[in-house]
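This report is for a reader who is meeting the protein for the first time. Please look over the sequence and the structure before reading on.

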Amino acid sequence: RNNLNVVRPLLNCSRADVESYVSQRGLTFIVDSSNLTTDFSRNKIRNAILPEMERWFPNTKKGLLKTIANVSEQERLYRQCIDEKFKIYSDGDNSIDLTRLIEAESMPALLLYEWFKDAGMTRTQANDIIKSKNSSGAKFIADNYIWTINRSRLHQYPSATFNQETDLS
């Protein structure tokens, strides 16, 4: 269900399952005519590639759904571990002890990236931050955030509130 209150079929349900559900409950079912074409990659996969794969390998859909479920579960575990690591190295104000992080973790740049990618940090910036851990005053800029290094600590500031002279002291 999206913000327009449109319900999209679930990956693990067949079209027949969805149509049966809708029919049993007297709901309105709308077919988007663009879904019947192969103009978009997702439709080409749905309308041409998957049926051909099913023809050659009859359990393709079942295998793909099982793989999707496994990867989703792994993603949840990965996210949980990333979040737990953040609690270890952060002092609660989005400040990270780079020295501790680098000494204790085998992939410190990956952790930085995962923690701050939603704030605009790139993987290249995360790598550069790790290389610059002893460079007080180093600054890394994204669209809405700025990260600075001060005494081997990484600090995050919203771009709009960053004051070069006071925030680097």
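## Basis of the description

This is a predicted model, in which local features need pLDDT of at least 70 and side-chain atom pairs count only at pLDDT 80 or more, while totals for chains, interfaces and linings use all residues. Residues are numbered from 1 along each chain as its sequence is written, and side-chain values use heavy atoms, with hydrogens and water left out.

## Overall fold

The secondary structure of the protein comprises seven helices and four strands, where helices (H or I, at least four residues) and strands (E, at least two) are DSSP runs numbered from the N terminus. Along the sequence, these elements follow the pattern α-α-α-β-α-α-α-β-β-β-α.

The protein has 169 residues, of which 25% count as buried; buried means under 20% relative accessible area, exposed means over 50%, and partly exposed lies in between (1.4 Å probe, protein chains only). Among contacts between residues at least 6 apart in sequence, 31% join residues at least 24 apart, a contact being heavy atoms within 4.5 Å.

## Helix H2 and its kink

Helix H2 has 16 residues, and from its first C-alpha to its last it reaches 21 Å, close to the 22 Å expected at 1.5 Å a residue; the expected span is 1.5 Å times one less than the number of residues. A kink of about 35 degrees lies at Ile-49 of H2, shortly before the proline Pro-51, the bend at a residue being the angle between axes fitted to the seven residues ending there and the seven starting there.

Asn-47 is also found in helix H2, and it counts as partly exposed because its relative accessibility is 32%. Not counting residues up to four places away in sequence, Asn-47 touches Asn-35, Leu-36, Thr-37 and Thr-38. With Thr-37, Asn-47 is ten residues apart in sequence and 7.8 Å apart in space, C-alpha to C-alpha.

## Helix H3 and its packing partners

Two packed helices are described by the angle between their axes and the distance between the axes. Helix H2 (residues 41–56) and helix H3 (residues 60–89) pack at an angle of about 115 degrees, with their axes 8 Å apart; here axes are lines fitted to C-alpha atoms, for helices over the stretch in contact, and angles run from 0 to 180 degrees between N-to-C directions. That makes H2 roughly perpendicular to H3, since angles under 35 degrees count as roughly parallel, over 145 as roughly antiparallel, 65 to 115 as roughly perpendicular and the rest as oblique. Leu-50, Met-53 and Glu-54 of H2 meet Thr-60, Lys-61 and Leu-64 of H3 in this contact. By class, the contact of H2 with H3 has three nonpolar, one polar and two charged residues, where Ala, Val, Leu, Ile, Met, Phe, Trp, Tyr, Cys and Pro count as nonpolar, Asp, Glu, Lys and Arg as charged, and the others, Gly among them, as polar.

H3 and H5 pack at an angle of about 100 degrees, with their axes 10 Å apart, and that makes H3 roughly perpendicular to H5. The contact is made by Tyr-78, Arg-79, Ile-82, Lys-85, Phe-86 and Tyr-89 of H3 together with Leu-110, Leu-111, Glu-114, Trp-115 and Phe-116 of H5, and its residues divide into eight nonpolar, no polar and three charged. The buried residues of H3 are Thr-60, Ile-82 and Tyr-89, and what covers them includes H2, strand E1 (95–97), helix H4 (98–104), H5 and strand E4 (153–158).

Ala-109 lies in helix H5 (residues 108–116) and, at 10% relative accessibility, counts as buried. Leaving aside neighbours within four places in sequence, Ala-109 is in contact with Arg-123, Ala-126, Asn-127 and Ile-130.

Trp-147 is placed in strand E3 (residues 145–150) and counts as buried, at 0% relative accessibility. Beyond its neighbours within four places in sequence, Trp-147 has contacts that include Phe-116, Met-121, Phe-140, Leu-154 and His-155.

## The loop between E3 and E4

Arg-151 has its place in the loop between E3 and E4, and has a positive phi of about 55 degrees although it is not a glycine. Ser-152 is in the loop between E3 and E4, and its phi, near 65 degrees, is likewise a positive value in a residue other than glycine. Arg-151 counts as exposed at 64% relative accessibility, whereas Ser-152 is buried, with a relative accessible area of 13%.
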